[in-house]
Amino acid sequence: MHDISQYQDFFISYLKNQSIQKNPKNLYEPIEYILGLGGKRMRPVLTLMAAEVFDTDYKVALPAAMAVEVFHNFSLVHDDIMDDAPLRRGQETVHEKWDLNTGILSGDAMLILAYQYFEQYEPVVFRDLAKLFSKTALEVCEGQQWDVDFEKRNDVTIPEYLKMIEYKTAVLVAAAMKMGAIVAKTSEKEGDLIYNFGLNLGLAFQLQDDYLDAFGDPETFGKQVGGDIMVNKKTYLYLKAREFSSPEKASELEKLFSLQLKDNIEKIETAKNIFNESGASKATQDAIETYTFKAFETLEKMDINAEKKDILRTFGENLMGRKV
């Protein structure tokens with residue numbers, strides 16, 4: 001196997017050779033733009049790693065990894081429209097750089113392009129990849145809808161929130177890993193184990209993303225810090241702060257998250273203070289650690305050698321300590 005940075009290089013090299021310079025330009029240029037903005041490439045790297053975990057050359061998994069990355073970026077284009085987000089990876093979002101209609105249509109095209117990459121596999125592998133991909137794509141949409149619904153609710157529970165981030169984020173991380181297993185034609189048992197490893201890592205990743213949205217460094221995070229607070233998202237931080245706070249502080253927080261205030265620094269700082277004072281910040285960091293360790297427990301059940309387990313464990317540790 002290779003290290004994580006090598007897998008990133010392998011994938012980026014493959015990505016750069018995937019020319020989609022077609023007409024009409026206003027459909028395809030935004031796709032090239034969003035795919036070229038960089039990012040961690042976490043999901044495609046996991047697909048390549050998973051293939052080699054099960055003794056298959058990473059090159060065989062490159063089309064599947066590309067499908068995962070194209071789908072992920074499709075979801076970001078549409079999420080940014082729904083969130084009215086100005087920045088993605090430190091640059092203008094697609095709908096800001098072009099317009100709303102372009103963002104919608106280019107995103108639609110990306111979903112179709114993602115499926116086309118599975119056509120490079122033999123029928124049985126294509127079937128299994130497409131079946132998993134369809135299930136995952138629908139779950140991502142369900143998770144996104146719950147996320148939107150929660151913005152208007154004051155009674156969201158921790159279990160509901162965790163189910164939402166499982167569908168919105170974690171299932172794609174899990175599917176990315178299982179796609180590597182499918183391409184490698186490993187056993188169903190091992191495929192399910194690596195899916196569960198990815199699922200728990202994905203939960204930890206999203207909780208970390210929620211934490212960084214409030215407390216990340218704007219120079220490294222790449223998105224607008226405090227964006228979740230501004231649009232009143234009921235994140236794990238919010239829910240734990242409400243649970244841990246006095247009735248007075250909880251009421252203050254609920255009132256704060258009922259206000260429609262864009263780019264309001266005072267609102268962001270007030271919410272962050274409540275997150276810290278209530279212990280919600282610490283509880284969120286503890287949850288990130290808990291789900292990461294759950295992933296490691298699953299890893300121990302897999303029938304792979306110690307070196308491969310160490311590589312996957314290092315990946316999880318890096319996610320837990322990330323700043324971007």
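Residues count as buried under 20% relative accessible area, as exposed over 50%, and as partly exposed in between (1.4 Å probe, protein chains only). The model is predicted, so local features need pLDDT of at least 70 and side-chain atom pairs pLDDT 80 or more, while totals for chains, interfaces and linings use all residues. Residues are numbered from 1 along each chain as its sequence is written, and side-chain values use heavy atoms, without hydrogens and water.

The structure holds 13 aromatic pairs (ring centres of Phe, Tyr or the six-membered ring of Trp within 6.5 Å; planes under 30 degrees apart are stacked, over 60 edge-to-face, the rest tilted). Tyr 7 and Phe 10 form an edge-to-face pair, because their ring centres lie 6.3 Å apart and their planes stand at 85°. Both residues lie in helix H1 (residues 4-16), three residues apart, about one turn of the helix. Helices are DSSP runs (H or I, at least four residues), numbered from the N terminus. Phe 10 is partly exposed, at 23% relative accessible area. Tyr 7 is buried, at 0%.

The rings of Trp 146 and Tyr 167 are tilted, with centres 5.5 Å apart and planes at 50°. This pair links distant parts of the chain: Trp 146 belongs to helix H7 (residues 123-150) and Tyr 167 to helix H8 (residues 158-183), 21 residues apart. Trp 146 is partly exposed, at 31% relative accessible area. Tyr 167 is buried, at 16%. One aromatic cluster is formed by Phe 71, Phe 74, Tyr 115, Phe 118 and Phe 133.

Key
Helices (H or I, at least four residues) and strands (E, at least two) are DSSP runs, numbered from the N terminus.
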